[in-house]
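This note sets out points for a colleague who is meeting the structure below for the first time. Please read the points beside the sequence and the model.

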Amino acid sequence: MRIIIRYFFRTLRLILTPVMLISEKLSTPKSITRTPDAQAKVDSACEDLALYQFTACPFCIKVRKEIARLGLNIETRDAQHDGERRSELEAGGGHVKVPCLRIRQDDGKDQWLYESDDIRLWLQRQFEPAA
């Protein structure tokens, strides 16, 4: 019975993954506009960030949409298919859970931020232009 359940969910994942990725492409918002100097500062700040994610994870999609909306150039790291990235996430953050934003601080230490809503809120605080 377990093998039937396992294959059912694998098949379901194979069917839903393309649907989720197409939906992400179609519903990703346009990025906010900044002056070239302001965008350069944002790009510089993003060099210390990396998002560990799975491609079809709905919570990762939510974070990637926020990254796109804010016009951020954050490196995404596939912790599902890349064993090295998965090991980095487990060693640094303590466990393999996505999405996870690695924030390199000024003193060289890394802060690992889990939970999609927490990541989105942190990104908004850091990069949302003042109204």
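1. The side chain of D110 forms a salt bridge with that of R102, at 3.8 Å from N to O. A salt bridge here is a side-chain nitrogen of Lys or Arg within 4 Å of a carboxyl oxygen of Asp or Glu. R102 counts as buried, at 8% relative accessibility. A separate network, joined through salt bridges that share partners, holds K62, E66, R69, D117, R120 and E128.

2. Basis of the values. The model is predicted, so local features need pLDDT of at least 70 and side-chain atom pairs count only at pLDDT 80 or more, whereas totals for chains, interfaces and linings use all residues. Residues are numbered from 1 along each chain as its sequence is written, and side-chain values use heavy atoms, with hydrogens and water left out.

3. Overall architecture. The protein has five helices and four strands, and along the sequence these follow the pattern α-α-β-α-β-α-β-β-α. Helices (H or I, at least four residues) and strands (E, at least two) are DSSP runs, numbered from the N terminus. The C-alpha trace spans about 60 × 35 × 20 Å along its principal axes. Of the 131 residues, 30% count as buried. Among contacts with a separation of 6 or more, 63% come from residues 24 or more positions apart, where contact means heavy atoms within 4.5 Å.

4. Salt bridges around E75. The count of salt bridges comes to 13. One of the residues involved is E75, which is partly exposed, with a relative accessible area of 36%. E75 pairs with R77, the closest N and O atoms being 3.1 Å apart, and R77 is buried, with a relative accessible area of 10%. E75 also forms a salt bridge with R85, the closest N and O atoms being 3.5 Å apart. Because E75 belongs to strand β2 (residues 75-78) and R85 to helix α4 (residues 83-93), this pair ties together parts that are 10 residues apart in sequence.

5. R34 is found in the loop between α1 (2-27) and α2 (36-46). The side chain of R34 has a polar contact of 3.0 Å with the side chain of Q39, and reaches the backbone oxygen of L70 at 2.8 Å. A polar contact is a pair of N or O atoms within 3.5 Å; within protein, one must be able to donate a hydrogen and the other to accept it, and residues adjacent in sequence count only if both atoms are side-chain atoms. Leaving aside residues up to four places away in sequence, R34 touches Q39, V42, L70, G71, L72 and F127.

6. Aromatic pairs. Three aromatic pairs are counted. Rings of Phe, Tyr and Trp (its six-membered ring) pair if their centres lie within 6.5 Å; planes under 30 degrees apart count as stacked, over 60 as edge-to-face and the rest as tilted. F8 and F9 form an edge-to-face pair because their ring centres are 5.1 Å apart and their planes lie at 75°. F8 is partly exposed at a relative accessible area of 47%, and F9 is partly exposed at 44%. W122 and F127 are also edge-to-face, since their centres are 6.4 Å apart and their planes lie at 75°. W122 is buried, with a relative accessible area of 18%, and F127 counts as buried at 10% relative accessibility.

7. R10 lies over the face of Y7, at 5.7 Å from the ring centre; a charge sits over a ring if NZ of Lys or CZ of Arg is within 6 Å of the ring centre and within 35 degrees of the ring normal. I15 lies in helix α1 and counts as exposed, at 52% relative accessibility. The C-alpha atoms of I15 and E47 are separated by 35 Å, the two residues being 32 residues apart along the chain.

Note on methods: Buried < 20%, exposed > 50% of the residue type's maximum accessible area, 1.4 Å probe, protein only.
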